[in-house]
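These are my notes on the model, as numbered points. Please read them with the coordinates open.

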Amino acid sequence: MNNKGFTLIELMVTITVMGILMVVALPNITSTVDKGKSTSYINDAKKLVNLAKYQFEGDMTRPRPATGECRKYKITDLDKSELQNGPYNGKYNENYSYVIVKYESSKYVYYVQLIENFTTSGTNYYRGVKYTSNENLYKENAKIEYVTSALTNLDTLKGENNYNC
């Protein structure tokens, strides 16, 4: 008898075990990648707020909002060299990505929305951080609560985008 190879049973068992491992591992790998992209959105939103803070606090010629007023900084108004592409390699939407500076309770409060426009399989999608305060970005569950799922249109964000200062 020649013992130089594997038997058919050994090969079938090996392939079955590898298949089971793939079925278990693939969803975990996909979930980890999605969590990483959600974290990237939160981090980019924090960067956008910091850029707006830097410009707002450094430029004393800009009028400061009074109580109940606000100022809007669109992503195009800021140095976005660190925010060229989103996690899906799309561009951040210039109309739906901005920081609002409000004067509330004797202090300036920052709100942000950051939406990426990307294409997958010929379909346009929008995903990112929906309108929220800067403080909310530092919550433990921020990527679950404030990162949108992939949208095919921006109708659900229209209320937030109509924030005119």
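1. Residues 24 or more positions apart make up 58% of the protein chain's contacts with a separation of 6 or more, a contact being heavy atoms within 4.5 Å.

2. The model is predicted: local features need pLDDT of at least 70, side-chain atom pairs count only at pLDDT 80 or more, and totals for chains, interfaces and linings use all residues. Residues are numbered from 1 along each chain as its sequence is written, and side-chain values use heavy atoms, leaving out hydrogens and water.

3. Three helices and five strands are present in the protein chain, in the order α-β-β-β-β-β-α-α from the N terminus. Helices (H or I, at least four residues) and strands (E, at least two) are DSSP runs, numbered from the N terminus.

4. Along the principal axes, the C-alpha atoms fill a box of roughly 90 × 30 × 25 Å.

5. Eight aromatic pairs occur in the structure (Phe, Tyr and Trp rings, six-membered for Trp, with centres within 6.5 Å; planes under 30 degrees apart are stacked, over 60 edge-to-face, the rest tilted). Phe 56 and Tyr 73 pair edge-to-face, at 6.4 Å centre to centre and 85° between the planes. Phe 56 sits in helix α1 (residues 8–58) and Tyr 73 in strand β1 (residues 70–74), 17 residues apart.

6. One aromatic cluster is formed by Phe 56, Tyr 73, Tyr 103, Tyr 108 and Tyr 110. Phe 56 and Tyr 110 are both buried (under 20% relative accessible area, with exposed over 50% and partly exposed in between; 1.4 Å probe, protein chains only).
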